[in-house]
2 protein chains.
Amino acid sequence: MLDQSIIEQLEALVGKENVLTGKVDLVAYSYDATADLPRQTPDVVVLPTSTEKVQEIVRLARRNNIAIYPRGAGTNLSGGTVPLKKGIVLSFQKMNQILDIDAANLTAVVQPGVVINALNTAVAEHGLIYPPDPGTVATATMGGSAAENSGGLRGLKYGVTKNYIMGMEVVLANGAKVRFGGKTVKNVTAYDFSNLFVGSEGTLGIITELTAKLIPAPKYRRTMMGVFKTLTDAGNAVAGIIAAQVIPATLEIMDRMTIKTVEDFANIGLPTDAEALLLIEVDGMSEDVVTTEADSVMRVVTENNGDLKAAESDQERDSLWTARRNALPALASLNNTVILEDATVPRSRITDMLIICQEIGKKYDLTLGTFGHAGDGNLHPTILCDKNNEEEMGRMHKAVDEIFKAALDFGGTLSGEHGIGVAKMKYLGDELGQSGVDLMALLKESLDPDFLLNPGKMVPVRGN
Amino acid sequence: MLDQSIIEQLEALVGKENVLTGKVDLVAYSYDATADLPRQTPDVVVLPTSTEKVQEIVRLARRNNIAIYPRGAGTNLSGGTVPLKKGIVLSFQKMNQILDIDAANLTAVVQPGVVINALNTAVAEHGLIYPPDPGTVATATMGGSAAENSGGLRGLKYGVTKNYIMGMEVVLANGAKVRFGGKTVKNVTAYDFSNLFVGSEGTLGIITELTAKLIPAPKYRRTMMGVFKTLTDAGNAVAGIIAAQVIPATLEIMDRMTIKTVEDFANIGLPTDAEALLLIEVDGMSEDVVTTEADSVMRVVTENNGDLKAAESDQERDSLWTARRNALPALASLNNTVILEDATVPRSRITDMLIICQEIGKKYDLTLGTFGHAGDGNLHPTILCDKNNEEEMGRMHKAVDEIFKAALDFGGTLSGEHGIGVAKMKYLGDELGQSGVDLMALLKESLDPDFLLNPGKMVPVRGN
């Protein structure tokens, strides 16, 4: 419990209306989108309105040794935003201004609380887009997605969040404000702090402003679905599309379990007897190129024994993407606990990984479906279980262990886009080795020696 | 002077043939491509043949408090590789193997001593390229260009080195080996160490292996030259090309002084009465798109009062690029000291920056020409002077100060691609502020507390 005087100091800093202490609020801010995690209600939720306020809050927290949990929209999937001990949740919902859109330099400057879709809406009138597109673009914030280095459906062609953050303002654990990077396309002044703070999950500093890179919006697109009788055929089609030197904007896969669940949920006419389907969209600035690429994709799908369906209208396109967008909600509707992982492998091992996920699901008698971003090897093996069934949860944990082991054996990684948070910390050594884990701790402890910033995420708190 | 026993221990570690102590060798390794710098001959040059040897050398150096200067081909332009005190130059010329080319995953794994062009030659048979292309691709190494985060002519469309390094092996100052990243397109496991070590100029760790991203080689290209009577017209043409949503592979500018010097040097028929010329190349996978983009470029050049010349053959293309490639050697031929800077501004401020560079040259009565990568705002104001003329060197230093001040005033940066090294350390605070400089020092001191790794670069040695 925080001393009442701390609450009063916070109220004096940011105003009473920006300090929440009601029980309902505190419980609401104890969650994010991750299942099956330890968590704790915070003492207080503070809504800063400026960088200077953030600095003052950090200094106050430091003086009183209070943990700070920075928070965007809380959509993350690795426990990156849940409080693990009492402290301050720092919510950026009131720092949500787009400060600058510079069409000549293809940049935007935003506060961390700006919702990704709001930025895209604002830049659309300039014919521009901000490409990173986690599934949660309608609610996730620029600050949160930068802290998590979010990926999304367009990662294969357009890259992920870190490829679009050109500069930043950050408040450090000592209360100092640093600014680096900016509107220049090239910048090698200083260490690459932007990329250090992107993906650091709020453990090294608090992002208070972002300079984002924009690109011209693609003018044409073609959307297709390939339906396959075997996972191997689907995997070969993925490899074949890349080998044909087509880089689709999106190249998504769903396995049988996911297809069936989505169809039961949404009734959109998916082929429930298929082993796998691919959803593919090519886009670009030239109708001719997009047509040529679509033709290549269709040829590869057919050559790999796939049944092809091309969207002939925007409506048909939307219905195909509805299938993909419904994958998670459909799976979630089946059971009370959805374990959504993001084990990621080199593109050439996708088929192997899909098959092994199915085998692991069978071995542990679990409801396990896999979908995800086949084009970049970023898969989402998803396990449905009941958190009240301890025995089943035990099997789930064993299955997850095996899934990560398989991903690493294939030369993959623990996390393609969800981050480490609390959920995957125990596996870090398996990928990084002890020397890598030590390097994580060295960085954390040099920038945040008192473990004030999002403690317990990515790096274990010293002594715990 | 190193104790002879240290030399003997090094010889025992890597073999006599890989330990150089001759005076000629030591002098050769006291230089890099940067003019007008302090430097020092090292005690010894060591050529490791494996990561394990690097680890043992680092441990030996640490036990004996000896500085280590990691070195690729020594082509850098900010003093990043010159020894500043006695110690070991660690040259990677014998760790020059391409370990893996994986066309399915679009990756290559290389040792740091691999020359950039050698990698490009090796991947060409798979129809692939490694896009980063500093002017020195024929000699610069993968390790050196990663340590410097090299840019180059294709940065606008294809990005710079950091965008192509997916994973790394690094030996830290404590002798530990860490590996991170790899062949997966997405990876958010751990802090983004790859991007931390890329561009850290050998001050945080020693790169011993790299996983590089490859892309399909563009199939078509069109090369054009625009000749302009004013810098403003040329600058407007650059802005117009981007506004037309064309992203050229290269978009280079040369001012009058550079044009004249290149023409005197190479006699290739450049218009010496022009105020500026643009060299523009568009490329892509589709002839149609490339033609459409070339048409847009030609329209924009003409609309901005430029005279247009399109290369009609490979020979004509080569002759246009010869002009650009000759810019530096031509300027260098004129005088004994060439100060080549890389002040970089947001694209929209290129004209302003070109004009101010000319004005600064006039103000200080210096021979100053500017050329560079107009498309990404990365300019190379280049001053010719005589290092024996102390008074002129004084004017040069004042001019350089003003050039950097102007770049920062325009929202730019001290270095677009050459790095900080020793040359620009004194300006760091002007861009980063004291809190940013402190953050640099904090990182350096946490990873290399004894200042063993390339001491005196990027971050001042504590106590100096």
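Modeller: Helix 13 (residues 350-363) of chain A packs against helix 14 (residues 390-409) of chain A at an angle of about 160°. Their axes lie 10 Å apart. Axes are lines fitted to C-alpha atoms, for helices over the stretch in contact, and angles run from 0 to 180 degrees between N-to-C directions. Helices are DSSP runs (H or I, at least four residues), numbered from the N terminus. Helix 13 of chain A and helix 14 of chain A are therefore roughly antiparallel (angles over 145 degrees count as such).

Which residues of the two helices meet? Met353(A), Ile356(A), Cys357(A), Ile360(A) and Lys363(A) come from helix 13 of chain A. Helix 14 of chain A brings Ala399(A), Glu402(A), Ile403(A), Ala406(A) and Ala407(A). Contact means heavy atoms within 4.5 Å. Eight of these contact residues are nonpolar, none is polar and two are charged. Here Ala, Val, Leu, Ile, Met, Phe, Trp, Tyr, Cys and Pro count as nonpolar, Asp, Glu, Lys and Arg as charged, and the others, Gly among them, as polar.

Now the wider setting. The domain assignment, automatic or from a database, gives chain A domain 1 (4-91), domain 2 (98-216), domain 3 (220-409) and domain 4 (436-464).

A word on the basis. This is a predicted model, where local features need pLDDT of at least 70, side-chain atom pairs count only at pLDDT 80 or more, and totals for chains, interfaces and linings use all residues. Residues are numbered from 1 along each chain as its sequence is written, chains are lettered from A and ligands numbered from 1 in the order in which they are written, and side-chain values use heavy atoms, leaving out hydrogens and water.

Notes. Parallel < 35°, antiparallel > 145°, perpendicular 65-115°, else oblique.
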